[in-house]
Amino acid sequence: MADINSIKEFVRENLDELNYMHTKKVVKIALALAEKEGANKEIVEIAAWLHDIGKSDKDSTAINHHSLGVKIAEDLLKKKGTNPEQIKEICYIIETHMGPPCKFWSSELKKVGRTFDFPRPDTKESKIIYDADMIDLCSPFGIAKIIHLGARRGKDFLESIESAKDTAFAAYNDLQTKSGKELGERYFKVSKEFFEIIEGK
Ligand SMILES: [Fe+2]
Ligand SMILES: [Fe+2]
């Protein structure tokens with residue numbers, strides 16, 4: 001198996017600050033879930049580090065970073081002498097991490113004549129990475145990220161808040177594993193209160 005420190009170094013050098021911060025959180029959450037779900041921790045850790053590596057590609061868009069990530073991860077892991085079965089498993093996890101089905105994806109995919117048609121996670125390890133990604137997305141960090149990206153794309157304040165709320169709720173409601181649902185509840189509780197306060201409830 002590839003040396004984890006060299007993978008981590010590669011990710012740190014290639015992702016921007018926001019995506020690197022998010023990735024570190026996904027690794028931490030994914031390892032906690034892997035422990036509880038009895039999953040392969042080595043596969044989970046490498047896949048968590050690499051799940052968003054597609055965002056380092058200059059051709060990356062909202063809807064293609066999973067496919068670009070598969071190519072980058074495959075090349076990197078081959079160079080590091082990782083066994084082909086493990087490469088396949090890690091690439092499957094990267095390929096199936098896109099979600100949650102929400103208004104953001106509907107509008108992005110509509111522009112290219114698609115509906116939500118990303119491949120879904122169907123193994124223990126892929127569900128763990130998916131859940132770790134969704135837990136970070138429905139957490140206060142994920143909400144801050146969506147509002148920041150919304151502003152960068154020219155959305156006004158309320159539009160950004162609305163988009164963050166829709167995505168956070170969709171992410172929480174799409175958690176796949178028992179442990180993910182348990183841990184996600186803790187993170188999402190704070191986010192729900194955040195929206196309630198914004199809405200003056
Ligand atoms: Fe992603
Ligand atoms: Fe992610």
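Reader: Is D133 buried or exposed, and why?

Author: D133 counts as buried because 25 other C-beta atoms lie within 10 Å of its own; a residue is called buried if 20 or more other C-beta atoms lie within 10 Å, exposed if 12 or fewer, and partly exposed in between, with the C-beta atoms placed from the backbone. Please keep in mind that this is a predicted model, in which local features need pLDDT of at least 70, side-chain atom pairs count only at pLDDT 80 or more, and totals for chains, interfaces and linings use all residues. Residues are numbered from 1 along each chain as its sequence is written, while chains are lettered from A and ligands numbered from 1 in the order in which they are written.

Reader: Where does D133 lie, and what is it in contact with?

Author: D133 lies in helix α7, where helices (H or I, at least four residues) and strands (E, at least two) are DSSP runs, numbered from the N terminus. Leaving aside its neighbours within four places in sequence, D133 is in contact with V26, H51 and H97, and a contact means that two C-beta atoms, placed from the backbone, lie within 7 Å.

Reader: How many residues of α7 are buried?

Author: In α7, 13 of the 14 residues are buried, and the helix is mostly covered. From its first C-alpha to its last, α7 reaches 20 Å, which is close to the 20 Å expected at 1.5 Å a residue, the expected span being 1.5 Å times one less than the number of residues.

Reader: Stepping back, how many helices and strands does the chain have?

Author: The chain has 10 helices and zero strands. For its 201 residues, a compact globule would have a radius of gyration near 17 Å, and the chain, at 16 Å, agrees with that; the radius is taken over C-alpha atoms, and the globule rule is 2.2 Å times the number of residues to the power 0.38. Of these 201 residues, 38% count as buried, and the C-alpha atoms fill a box of roughly 55 × 35 × 30 Å along the principal axes.

Reader: And how many residues are in the largest nonpolar core?

Author: The largest nonpolar core has 43 residues, and those with the most contacts inside it are A30, A47, L50 and I90. Such a core is a set of buried Ala, Val, Leu, Ile, Met, Phe, Trp, Tyr and Cys residues joined through C-beta atoms within 7 Å. Apart from neighbours within four places in sequence, A47 is in contact with I90, I93, I94, E125 and I129.

Reader: Ok, new topic: which residues of α4 are buried?

Author: In α4 the buried residues are H65, H66, G69, V70, A73, L76 and L77. Seen down the axis of α4, these fall within an arc of 145°, so they line one face of the helix; the arc is that of the directions from the helix axis to the C-beta atoms. They pack against α1 (4–14), α3 (41–50) and α5 (84–95), whereas the face turned away from the buried side carries the exposed residues D75, K78 and K79.

Reader: How many C-beta neighbours does L76 have?

Author: L76 has 21 C-beta neighbours inside 10 Å and therefore counts as buried. The C-alpha atoms of L76 and I197, which are 121 residues apart along the chain, are separated by 45 Å.

Reader: What about F194, which helix is that in?

Author: F194 is in helix α10, and with 17 C-beta neighbours inside 10 Å it counts as partly exposed. Setting aside neighbours within four places in sequence, F194 is in contact with P140 and I143.

Reader: Which residues of α9 are buried, and what covers them?

Author: The buried residues of α9 are S160, S163, A164, T167, A168, A171 and Y172. They cover an arc of only 155° around the axis, which puts them on the same side of α9. What covers them includes α6 (103–110), α7 (124–137), α8 (140–152) and α10 (178–198).

Reader: Last one: which peptide bond is cis?

Author: The peptide bond from G99 to P100 is cis, with omega near 0°, and P100 lies in the loop between α5 and α6. In general, most peptide bonds are trans.
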